[in-house]
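This briefing is for a reader who is meeting the structure for the first time. The points below are grouped by topic.

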Amino acid sequence: MADNDTNASIRQWLKDKGYSDRDIEKILAKLADHDHKTMSDAVFDSIGGDGKSLEDLIGDLLAE
């Protein structure tokens, strides 16, 4: 739900700045892609930092 609130806020801010609906969709898609890459990078950067190896992390994920 927070993601929807964030997207709605960003969408409204962009609309207030005069961006077209088409540009807003392109911007939101790029932001979502950037967010995904940032989260992925953060996961891989944390491997080893908390004492867990990649194998430990995979084991944890598969146990869920």
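Lysine 37 and aspartate 33 join their side chains in a salt bridge, with N and O 3.2 Å apart. The two residues are 4 residues apart in helix H2, so about one helical turn separates them. The model is predicted, and the structure holds 3 salt bridges.

- Lysine 37 is partly exposed, and its relative accessible area is 48%.
- Aspartate 33 also counts as partly exposed, at 33% relative accessibility.
- Side chains of opposite charge can pair when their charged atoms come close.

- A salt bridge links the side chains of arginine 11 and glutamate 25, at 2.5 Å from N to O.
- Arginine 11 belongs to helix H1 and glutamate 25 to helix H2 (residues 21-46), so this pair ties together parts that lie 14 residues apart in sequence.
- With a relative accessible area of 34%, arginine 11 is partly exposed.
- Glutamate 25 is partly exposed as well, its relative accessibility being 43%.

**The salt bridge of lysine 15**

- The partner of lysine 15 in a salt bridge is aspartate 21, and their closest N and O atoms are 3.2 Å apart.
- Lysine 15 has a relative accessible area of 45% and is partly exposed.
- Aspartate 21 has a relative accessible area of 53%, which is over the 50% cut-off, so aspartate 21 counts as exposed.

**Fold and dimensions**

- The protein chain contains 3 helices and 0 strands.
- In sequence order, the pattern of the protein chain is α-α-α.
- The radius of gyration of the protein chain is 17 Å, whereas a compact globule of 64 residues would have one near 11 Å.
- The C-alpha trace of the protein chain spans about 50 × 20 × 15 Å along its principal axes.

**Two residues at a distance**

- Alanine 63 is part of helix H3.
- The relative accessible area of alanine 63 is 65%, and the residue is exposed.
- From C-alpha to C-alpha, alanine 63 and tryptophan 13 are 41 Å apart in space, and they are 50 residues apart in sequence.

**Surface and charge**

- Among the 64 residues of the protein chain, 5% count as buried.
- The protein chain exposes about 5500 Å², and 55% of this area is supplied by carbon and sulfur atoms.
- The protein chain carries 8 positive and 15 negative charges, and the mean positions of the two sets are 13 Å apart.

**Confidence of the prediction**

- The average pLDDT of the protein chain is 85, and 95% of the residues score at least 70.
- Among the elements of the protein chain, helix H1 (residues 2-16) has the highest mean pLDDT, at 88.
- Helix H3 (residues 54-63) has the lowest mean pLDDT among these elements, at 84.

Methods:
Residues numbered from 1 in each chain as written. Predicted model: local features only at pLDDT ≥ 70, side-chain atom pairs only at ≥ 80, totals over all residues. Heavy atoms only, no water. Rg over C-alpha atoms; globule rule 2.2 N^0.38 Å. Buried < 20%, exposed > 50% of the residue type's maximum accessible area, 1.4 Å probe, protein only. Areas by Shrake-Rupley, 256 points an atom, 1.4 Å probe, with all protein chains shown as cover. Lys, Arg positive; Asp, Glu negative; His and termini not counted. Charge placed at Lys NZ, Arg CZ, Asp CG, Glu CD. pLDDT = per-residue confidence, 0-100. Salt bridge = Lys/Arg side-chain N within 4 Å of Asp/Glu carboxyl O.
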